[in-house]
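Colleague: Can you walk me through this one? I'd like to start with the charged pairs.

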Amino acid sequence: MKASIPQTDNQVNLIDAATVKRQAESRWLEILKAAGLPTELLDGRGHPCPKCDGTDRFTVFGDVDLTGGAMCRQCFNEKNGDGLAVIQWLRGCSFPEAIAFVADYLGLQAAPATAESADSDIVAAVARAKRMPLEAFVQFGAKSTKRGKLTVARVPVWDERGEVHSYFDMATDRKGLFKKGKGSSGLFFPGRLPQPGEKWLLVEGVKDASVLLG
């Protein structure tokens, strides 16, 4: 079975990376073969890299069929590289194109191409992708908005005076970003500030805080 990269952006925009990864679990060996990775390179041993040669610098990870992970010590040294990263490297394509390739291979269908559907699902999609309980993530104030052309889940950020002074944007397929400019970092609170006499636990980031709260 062969797959091709669609030329339109609708499917790329509306099938998120978390959904594609979840559907691809335990099928990455066949997906990587369809992407052009030779079968003999998928046994977990060291092999010449299909792109930069060498002798044994390329290998797939032990859980390759589950995650699609592989690496080349010369040209693709991603210790945590998953199947989507491998396809980007192998085919020289963008991240959205890699998502589209896998979605097309698996026969995943995009939702109707409307901005409203993408916006309304982003908070749930981010919670799912980052493995946070949705109810807890929402309690920290997560709401759908835009950061440039990208739809993100935005969480308010508090300063030392107990006031919201910034925000933190999260997407399914990348690290979160604070509001641009100096002094934009701060604290995340689940809907209210601490009160005298209460005991609160301090953890790193809204992701860990949401998991702990959940």
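This is a predicted model: local features need pLDDT of at least 70, side-chain atom pairs count only at pLDDT 80 or more; totals for chains, interfaces and linings use all residues.

Colleague: How exposed are D173 and R174?

Modeller: D173 is partly exposed, at 26% relative accessible area. R174 also counts as partly exposed, at 43%.

Colleague: Which atoms meet between R161 and D159, and at what distance?

Modeller: Their side chains meet N to O, at 2.8 Å, in a salt bridge.

Colleague: And R161 with E160, what is the distance there?

Modeller: That salt bridge is 4.0 Å, again N to O. The cut-off for a salt bridge is within 4 Å.

Colleague: Is D159 buried or exposed?

Modeller: Buried. D159 has 7% relative accessibility, and buried means under 20%. R161 is exposed, at 57%. E160 is exposed as well.

Colleague: Why would such side chains pair?

Modeller: Side chains of opposite charge can pair when their charged atoms come close.

Colleague: How many salt bridges does the count come to?

Modeller: The count is 10 salt bridges.

Colleague: Switching to sheets. What is the strand order in the open sheet of four strands?

Modeller: The order is β4-β5-β6-β7, and the pairing is antiparallel.

Colleague: Which strands stand at the edges?

Modeller: β4, residues 143–147, and β7. Each has a single partner strand, so one side of each has no neighbour in the sheet.

Colleague: What does the twist average from one strand to the next?

Modeller: It averages 40°.

Colleague: What holds strands together in general?

Modeller: Strands of a sheet pair through backbone hydrogen bonds, either parallel or antiparallel.

Colleague: Over how many bridges do β6 and β7 pair?

Modeller: Three, in the antiparallel sense.

Colleague: What about β1 and β2? How many bridges join them?

Modeller: Two bridges join β1, residues 47–49, to β2, residues 53–60. These strands run antiparallel. A hairpin of three residues connects β1 to β2. C49 stands opposite D53 in β2.

Colleague: Which strand do three bridges join to β2?

Modeller: That is β3, residues 70–72, and the two run antiparallel. V60 has A70 as its bridge partner in β3.

Colleague: Next topic, pockets. How much space lies in the largest pocket?

Modeller: About 890 Å³. Its lining has 26 residues. Those nearest the centre are K21, D82, A129, K130 and T172.

Colleague: Which elements give two or more residues to that lining?

Modeller: The helices are α2 (17–24), α4 (64–67), α5 (83–91), α7 (115–129) and α9 (205–213). The strands are β6 (164–171) and β7 (174–178).

Colleague: Which element gives the most?

Modeller: α2, with four residues.

Colleague: How do the lining residues divide into nonpolar, polar and charged?

Modeller: There are 10 nonpolar, four polar and 12 charged.

Colleague: Back to α2. Which of its residues are buried?

Modeller: A17, A18, T19, V20 and A24. After α2 comes S26, with a positive phi near 70°.

Colleague: Where is S26 placed, and how exposed is it?

Modeller: S26 is in the loop between α2 and α3, which spans 28–34. S26 is partly exposed, at 48% relative accessible area.

Colleague: What about phi at R131?

Modeller: R131 has a positive phi of about 60°, and it is not a glycine. R131 lies in the loop between α7 and α8, the latter being 134–139.

Colleague: Is R131 buried or exposed?

Modeller: Exposed. R131 has 73% relative accessibility, and the cut-off for exposed is over 50%.

Technical notes
Residues are numbered from 1 along each chain as its sequence is written. Side-chain values use heavy atoms; hydrogens and water are left out. On a 1 Å grid over the protein atoms alone, a cavity is a set of points where a 1.4 Å probe fits but cannot get out, and a pocket is an open set with protein on both sides within 12 Å along at least five of seven lines; lining residues have an atom within 4 Å of a point. Grid points are joined across faces, edges and corners, and a volume is the space filled by probe spheres set on the points. Ala, Val, Leu, Ile, Met, Phe, Trp, Tyr, Cys and Pro count as nonpolar, Asp, Glu, Lys and Arg as charged, and the others, Gly among them, as polar. Two strands pair if DSSP finds at least two bridges between them. Axes are lines fitted to C-alpha atoms, for helices over the stretch in contact, and angles run from 0 to 180 degrees between N-to-C directions. Buried means under 20% relative accessible area, exposed over 50%, partly exposed in between (1.4 Å probe, protein chains only).
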